[in-house]
2 protein chains.
Amino acid sequence: MTLFLSTFINKVDRKGRVSVPASFRAALADQTFQGVVLFRSHGHACIEGFPQSFMAELSDRLDNFDLFSADQDDLATSIFGESVQLPFDGDGRIILPANIIEYADLGEQCAFVGMGRKFQIWNPSAFEARKSEARENVKSRGVTIPKTAGGA
Amino acid sequence: MTLFLSTFINKVDRKGRVSVPASFRAALADQTFQGVVLFRSHGHACIEGFPQSFMAELSDRLDNFDLFSADQDDLATSIFGESVQLPFDGDGRIILPANIIEYADLGEQCAFVGMGRKFQIWNPSAFEARKSEARENVKSRGVTIPKTAGGA
DNA sequence: TAAGAATCCATGATATCCCATAAATATCCA
DNA sequence: TGGATATTTATGGGATATCATGGATTCTTA
């Protein structure tokens, strides 16, 4: 199992610690770096989470932009420049930095949302809204999954 | 045999456990992940069930989208965020999460309905109603099965 | 030496594993 | 072919391990 699936709501304690769901940890077990990489999402008030090994692929994908384009520069800055690498403690928890908590408006709880090869961290009630929005978009815009390469 | 066929009604015990029909398990025997992936159906008050490999395929296809595009995000949220991955215990049972039981209104029993490459889980009496509805629709609208992909 | 981090330990809840039973099915052998 | 014996299944219950969580203790380092 290597995919991040399902949604888990865990508690953020007074120290900013939160358990990464056990199944997410299992999906990260084969990594050399035992932990996650987080950065603030561009499109939403949430946090993007990746395995450390996936960051290399992200970099490759960014190279498909023109090397000196404004877009490439912006993305690289906001992703690599702002990402944080958070190791698990002995009990599978990470400590969320203050700016992350603030950006995603995380309170006592946060939602870990599986997105396949990555995941997101949300304020639970904000995610509820996001969930219906996503479902609505898929339906109304008729978004489908392309069979092979070449999708939008 | 790799298809889910026929309908089986099994008991949901006090712990929320239910046996996956043996023939369904046989259809999943070649998988690396020994278990099923479930999510709430959009069209009906039932649960959709898939082999985990199906999710892996979806993930591969999603990789054709730009990583942070709105479409990718919407699809990943509504597909992966809302699914759950349930492993078999030693006796071929799974534990149904509370929100799944609630959504499909499952009581003491549930019906596993083979649908070919996927299956559905229903409240048995709700499924009886659904069955006659489906048969009626097929008859009145003269629905048929197209020869290959991309039919009518 | 005080503030913040990292590590360690305790605990209840829950999932996982293991075994027992009974019914249904399959298998075997005279 | 008949009938006795194995296997497989679905189901229930209890023991055990895991997980999320909170708090305490040790370690850094400013």
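Which residues of H3(B) are buried? To answer this in the predicted model, select helix H3 of chain B, residues 70-79. The buried residues are B:Gln72, B:Asp73, B:Asp74, B:Leu75, B:Ala76, B:Thr77, B:Ser78 and B:Ile79. Because 8 of the 10 residues of this helix are buried, H3(B) is largely enclosed by the rest of the structure.

Next, display the surroundings of H3(B). From chain A, its buried residues pack against strand S7 (109-114), strand S8 (119-122) and helix H5 (124-141). From chain B, they pack against strand S3 (35-40), helix H2 (52-62) and strand S5 (83-87).

**A residue of H2 in chain B**

Now select B:Leu58, which lies in helix H2 of chain B. Is B:Leu58 buried or exposed? Its relative accessibility is 10%, and buried means under 20%, so B:Leu58 counts as buried. Leaving aside residues up to four places away in sequence, B:Leu58 touches A:Ile145, B:Ile79 and B:Phe80.

**A helix pair in chain A**

Move to chain A and select helix H2 (residues 54-62) and helix H3 (residues 70-81). Two packed helices are described by the angle between their axes and the distance between the axes. Here the axes come within 11 Å and cross at roughly 170°. Angles over 145 degrees count as roughly antiparallel, and H2(A) and H3(A) are therefore roughly antiparallel to each other. H2(A) passes H3(A) in a left-handed crossing. On the side of H2(A), the contact is made by A:Met55, A:Leu58, A:Ser59 and A:Leu62; on the side of H3(A), it is made by A:Gln72, A:Leu75, A:Ala76, A:Ile79 and A:Phe80. Of the residues in this contact, 7 are nonpolar, 2 are polar and none is charged.

**The sheet of chain A**

Switch to a cartoon view of the strands of chain A. In what order do the 6 strands of the open sheet lie? The order is S1-S7-S8-S4-S3-S5, with antiparallel pairing. Strand S1 (7-11) and strand S5 (84-87) are the edge strands, each pairing on one side only. From one strand to the next, the twist averages 30°.

Follow the sheet from S1(A), which is joined to S7(A) by 5 bridges in the antiparallel sense. In this pair, A:Phe8 has A:Phe112 as its bridge partner. S7(A) is mostly covered, with 5 of its 6 residues buried.

Continue to S8(A), which runs antiparallel to S7(A) and is joined to it by 4 bridges. Between these strands, A:Gly114 stands opposite A:Phe119. S7(A) and S8(A) form a hairpin with 4 residues between them. Within the turn, select A:Gly116, which has a positive phi of about 90°.

Inspect both faces of S8(A). A:Phe119 and A:Ile121 lie on one side, A:Gln120 and A:Trp122 on the other, and all are buried. S8(A) also pairs with strand S4 (residues 47-50) in the antiparallel sense over 3 bridges; there, A:Gly49 has A:Phe119 as its bridge partner.

Finally, select strand S3 (residues 35-40) of chain A. S3(A) and S4(A) run antiparallel and are joined by 4 bridges, with A:Phe39 standing opposite A:Glu48.

How values were computed
Residues numbered from 1 in each chain as written. Chains lettered and ligands numbered in written order. Predicted model: local features only at pLDDT ≥ 70, side-chain atom pairs only at ≥ 80, totals over all residues. Heavy atoms only, no water. Buried < 20%, exposed > 50% of the residue type's maximum accessible area, 1.4 Å probe, protein only. Helix = DSSP H or I, 4+ residues; strand = E, 2+ residues; numbered from the N terminus. Contact = heavy atoms within 4.5 Å. Axes fitted to C-alpha atoms, helices over the stretch in contact; angles between N-to-C directions. Parallel < 35°, antiparallel > 145°, perpendicular 65-115°, else oblique. Left-handed = near helix turned anticlockwise from the far one by under 90°. Nonpolar A, V, L, I, M, F, W, Y, C, P; charged D, E, K, R; others polar. Pairing = 2+ DSSP bridges.
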